[in-house]
Amino acid sequence: MATRIDPIRNFRFQLEIDSVTRAGFSDVAIAETTIDAVDYREGTDPPHFRKLSGLTKYGNITLKAGVTSGANALELFKWHADVAAGRVSERRRTVAISVLDESGKTEMARFTVSEAWPVKYDPSDLSGKGNEVFIEMFELVNEGIERTK
């Protein structure tokens, strides 16, 4: 009998920024990667365009986490502040997103994001009427996303 291979669940994951594991993200969104198709035709070609590959565009990574008051609570915000102060070139980082099995122990898939840096920081709205968790959102641009597992 054939071995059954089930799809990987998406609710257990971890994030590493420059090889330092970060926990506590409620959502990590990996945007799409697209390759532009360029129309091309020479005068002696048939009366239709040929398609050539153009530039590859890597989508942004969106991170959402509950705000805490722990020792590393300001680490991502400080990264964003450094970039906002013009220190982009020395603040680019490698980000790895690992999808884990249901036990949370075995890595099932891994995405490596190269040359990432924050372009957006958005703390959630505050309301005295609610009881939701205070969430902050970071958006990272990058120059490459590779699935390595």
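Begin by selecting aspartate 82 and arginine 87, whose side chains meet in a salt bridge with an N to O distance of 2.8 Å. The model on display is a predicted one. Aspartate 82 counts as buried because its relative accessibility is 18%, and buried means under 20%. Arginine 87, with a relative accessible area of 36%, is partly exposed.

Next, select glutamate 143 and arginine 92, which form a salt bridge whose closest N and O atoms are 2.7 Å apart. This pair links distant parts of the chain, 51 residues apart: glutamate 143 is in the loop between strands E9 (135-141) and E10 (145-147), and arginine 92 is in the loop between helix H2 (88-91) and strand E7 (93-100). Arginine 92 is partly exposed, at 28% relative accessible area.

The structure holds 11 salt bridges in total. Another of them is found by selecting aspartate 36 and lysine 57, with 3.6 Å from N to O. Aspartate 36 belongs to strand E4 and lysine 57 to strand E5 (residues 50-58), so the pair ties together parts 21 residues apart in sequence.

Remain on strand E4 (residues 33-40) and select tyrosine 40. Together with Val38 and Leu52, Tyr40 makes a nonpolar surface patch of about 230 Å².

Finally, move to lysine 120 in strand E8 (residues 107-123). Which residues does lysine 120 contact, leaving aside its neighbours within four places in sequence? They are His80, Met137, Phe138 and Glu139. The C-alpha atoms of lysine 120 and phenylalanine 138 are separated by 5.6 Å, although the two residues are 18 residues apart along the chain.

How values were computed:
Residues are numbered from 1 along each chain as its sequence is written. This is a predicted model: local features need pLDDT of at least 70, side-chain atom pairs count only at pLDDT 80 or more; totals for chains, interfaces and linings use all residues. Side-chain values use heavy atoms; hydrogens and water are left out. Patches are made of residues with over 30% relative accessible area and no salt bridge: like charges are joined within 9 Å, nonpolar side chains (Val, Leu, Ile, Met, Phe, Trp, Tyr) within 5 Å. Accessible areas come from the Shrake-Rupley method with a 1.4 Å probe; for residues, only the protein chains shown count as cover. A salt bridge is a side-chain nitrogen of Lys or Arg within 4 Å of a carboxyl oxygen of Asp or Glu. Helices (H or I, at least four residues) and strands (E, at least two) are DSSP runs, numbered from the N terminus. Contact means heavy atoms within 4.5 Å. Buried means under 20% relative accessible area, exposed over 50%, partly exposed in between (1.4 Å probe, protein chains only).
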